[in-house]
Amino acid sequence: MSDIKTALKIYRRLLEKGQLDRETEGDLFLEFRNGEVRSILAEFEEELDFKAIEIAGSIYLLPNSGNGVLGFTTKDLRESVATDARLVDAYLLSYISMFILYLFYGGRNRNPKQREFLRISKLIEELDRRFALALADREEAQVLEEKYALNYTRMAELWDSKQDFEERGRKTKTGTILNTCRLLERENLLRLVDEDRELRPTRKLDDLMLNYYLDDSRVTEIKGFFEGVGPDA
Amino acid sequence: MATPKLEFLEGFEQRMKLVAAIDSIINRGNRKMEFEKLFESGQLDNIILSVLVFIMERTLTEDEDCTLDSIANFVAQIIPEYALNLSSEIIHKLTEYIVKDILQNGGEARYYPVMRYGQGMDQLRIRLIDDKLIDDRRGYVLNYQLTDQGYDLLFRTKEVEQEISFTIEELKLRELIKRKNYKKAIGQSANLVQMIRQKKNDIRQFIQKVRENIYDVNIEEFERLVAGTYTLLEEEYGMMNEIREMIVLSEERLKEEENTRGALDEQMSKARSEIAVIRRNINLTISEQKELILERLSLSRIYKETIADSFALSRARYYDFEQLILKPLENCAENNISSFWQLLNPLFKPNPDRTLNLLTLYERQARLKQEEETPQSIVVEELGEDTELRRIKKINDCNLEFIRSLLEFANRRRESFRFGELFQDLQSNEPLFNELTADDLIFKTILKLYDLQVIDLNKWKAQQEDVVANATGELDVSYCLYRIEYAQPDLYGIKKLEILKPDEQLFEQEITTRIGEELFSRRIAISDFKIEVSLE
C-alpha cells in the first residue's frame, strides 16, 4: 500500500472513532510511526486544523480548539441541553463539564489526577458550594467590588433555581448534571456507573488530560482564548 | 543541623506503611454517623477488616466476581455475629459505605505522612482496594480486588511476613504426591493456581499504575516484578511439567491395579478422583503460566513506551486548572460565552457528520440518532418536548380516524343509529379499534361530541377558515373535517350529525388490554347515545 493510502486509512479511522488502538489495530498503529506516513499526516493536521498524537498505545485525533469543521459548535452544545436551550444553558453545560475535569484533574501535586471516581451527589455539593460563593457575592455587590461577571451570577441563579435533589427531570440539578455527563459519555470521556450515581474517567480522558490537555505548553493558547484573541475566538 | 545517622531507623518507612494502612481504617474519613452509630465501639473496624479478608478470598479465585452485591451478601452473613439485625437495604448501604467511603475514601486519593530519615517527610498514598470496570451485558459492573498494600496489610495481620514462596509450595506438593497424600495435594495444587493468578493480578495492577502516572512507579518495583516473575516462571514451567508427569504415572499405576484386581476399592476410587482434580489444577496452572508470560511481555512494552513518552513530558509541567480555566470561565465577557465549546473541542471526538452529512438537512434529529449508534450501552435522554409532540400527534390521528369512521358509518346506514352499533362496527378494524380503546379515547371523544350536540358540516363548509394543526391533543372537529375533506371532498355526503341522549339506555363493554404477558380487562358503561343523520 502506498504511503498516501496508508495515511488516508489512518485518517479515516481516526475520523470514524477519534482514536486508533494498538491492541485492536496493531498494523495500522505501527504505520503511524513510519516517517513518510507521519509527514503526510502532518500536512493533513496543518490544513485540517487538528492534531494526531500518540499516547500509551493509542493514537488520538484532537480537533484544535477553534476547529468548527471537525469539532463542536455552540449550537451543538445547546442541542445537548434541549432544542429550546438558551445561551445560559449552554454556559452551564460548559461550566459543569469543566468543573468535572477540575474535580478529577485539578490536583496541584506532581500527579494532577486527584480522584478515581466522583459521585453525582458529591458533584452537586461541590457545585452548590461554588455557586453559593457567587450568589453571596451578589448580595454584597453594593459594598464590595464585583468579583464575578454578570453572566456567571445569572448562571449561578439558574443552578440555584433547579430543585429536586433526587429527581431526574431535565430541569433538576441531577438531570442537568446527567445531561452533561451523557454528552461526555458519548464522547468516550466518562462512564456513568452504579445506576448513574457515579462518574469514572475513561482511559481516553486520562490519556488526553495527563499527556496533552493539562500541559504547561498550552497556557498561552488558553490565556489567549480568554482574552478574546484566541484562534477564531 | 543534620541528624546523626541512626542505623536502627533505616527502612523505618516500611514500619510506617503498616501504621498508615491501619490508620486508613481506624481513622477513616468521610464518616457517616447514620452507619457508625449502629455499632458499638470497634465493631465496625472488625467488619471492615472482615470485608478486606473476603475481597482477598475472592481476588484469589478468578472465577468468582467480587461485586458490591457479593460483598453485601457476605456482610449479611456476618452481621448476626455482632448481635445486630439489619434489613437488607441497610446492609447494602452499609456495604457501599465500607467499600466506597472508607476503603476507597470516596474516590479521593488518601495520603499519610511518613518519615524517611535522611530524606525528610514523604506523603504515602494509601489504597487498600482497587476496582476494575467490566463492560458486561448488564451494563458496567465494578469488580473489587486487593492492591499490593491490601495484601501486605492482610498478610502481616495473619499469614507469615513473606508470601509463601512458590518453590516451597511446589516441593511440598511433590512430596505429598509421592506419599500418595492426595487430599492435601489437592489443596496445594489449588494454591498454585491461586498464586499464579495473584501474579497476573499484580502485573495488571502495575500496568494500570504505569498508565495512570509513571512518576508513581519506581524502576525497582518494575525490575522486581519482571525479573522475579520471569525467572520464577521459567523454573516453574519445567517443574510443573515434572509434576504432571508424576500424576500421569500415578494414574497409570492405578489403571494397572484396576486391571489386575478387576475393580478398584473405595479408597482407590477416591484416590483416582482426587488425582483428576490435581491434574485439572496443574493443567490450569500451566495454561495460566503461559498467559502470565505473555502479559509480562506486554508489561515490558508498555513500561518502556511510557518511560520514553515521559522523557518528553518530564520537562513539561501541568498548569493550575482552577486559575487558568475555571476562574476565567467565571469572569468571562458575554461575547466569549458562545466560544466555550472551543475549550472542549480537543477532548471531543471529531464530528464530521454534522457538517458533511447531507441527511442532516432532512432529518430533524439526525445528529442525535447517529450518536446513538456508536456507544450502544448509552441511552440518549429523550427530550420532553419530543415525546409530548408524538403523543399529541397520535391522539390527533386517532380522533381523525374516529370522525372519519363516524361519517363513513352514517353514510352506510343512511339513518340514525346508536353509539353501540358504531362501536361494534369499529371492532372489524382491529388496529384502529385498539388505538381508540387504549386510554378510553373513543369514550372521551363521544362524550365531547355529545357536549357539542351537533356537527353541522354544511355550516362548517360555508365558514371554513384557516385551520392549524391541533397543538394540545384536545378534540378539534374542525381540524378533523379539514383533513378528511382532503381525501373525501363531499365528506361522505353528510349534511349534519346530531348526538342525542333520548333515554337512559346504557352501552356496556368489556375491554381487554395486553401489557407484556398479562391480560387486563375493564368494564365500561356509557350512555348509548343516538346519532341522527341528515344527508345531502
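Analyst: Two strands count as paired if DSSP finds at least two bridges between them. Strands (E, at least two residues) and helices (H or I, at least four residues) are DSSP runs, numbered from the N terminus. This is a predicted model, in which local features need pLDDT of at least 70 and side-chain atom pairs count only at pLDDT 80 or more, while totals for chains, interfaces and linings use all residues. Residues are numbered from 1 along each chain as its sequence is written, chains are lettered from A and ligands numbered from 1 in the order in which they are written, and side-chain values use heavy atoms, with hydrogens and water left out.

User: What makes β2(A) and β3(A) a pair?

Analyst: β2(A) and β3(A), residues 58-63, share six bridges in the antiparallel sense, and the cut-off is at least two, so they pair. A:I55 stands opposite A:S58 of β3(A).

User: Why are β1(A) and β2(A) called edge strands?

Analyst: The open, antiparallel sheet has three strands in the order β1-β3-β2 of chain A. β1 (19-21) and β2 (50-55) of chain A each pair on one side only. Neighbouring strands of this sheet are turned by 15 degrees against each other on average, direction ignored.

User: How do you know which strands pair with β6(A)?

Analyst: Two bridges join β4(A), residues 118-119, to β6(A), and these strands run antiparallel. β5(A), residues 190-193, is joined to β6(A) by four bridges, also antiparallel. Both counts reach the cut-off of at least two, so both are pairs. In β6(A), A:E198 is the bridge partner of A:R119, and A:L199 that of A:L192. The hairpin of β5(A) and β6(A) has four residues between the strands, and A:D194 takes a positive phi near 55 degrees there.

User: Why is one word, and not "oblique", used for the angle between α5(A) and α8(A)?

Analyst: α5(A), residues 87-105, and α8(A), residues 173-186, pack at about 70 degrees, with axes 10 Å apart. Angles of 65 to 115 degrees count as roughly perpendicular, under 35 as roughly parallel, over 145 as roughly antiparallel and the rest as oblique. The two helices are therefore roughly perpendicular to each other. By class, their contact has eight nonpolar, three polar and no charged residues.

Key: Axes are lines fitted to C-alpha atoms, for helices over the stretch in contact, and angles run from 0 to 180 degrees between N-to-C directions. Ala, Val, Leu, Ile, Met, Phe, Trp, Tyr, Cys and Pro count as nonpolar, Asp, Glu, Lys and Arg as charged, and the others, Gly among them, as polar.
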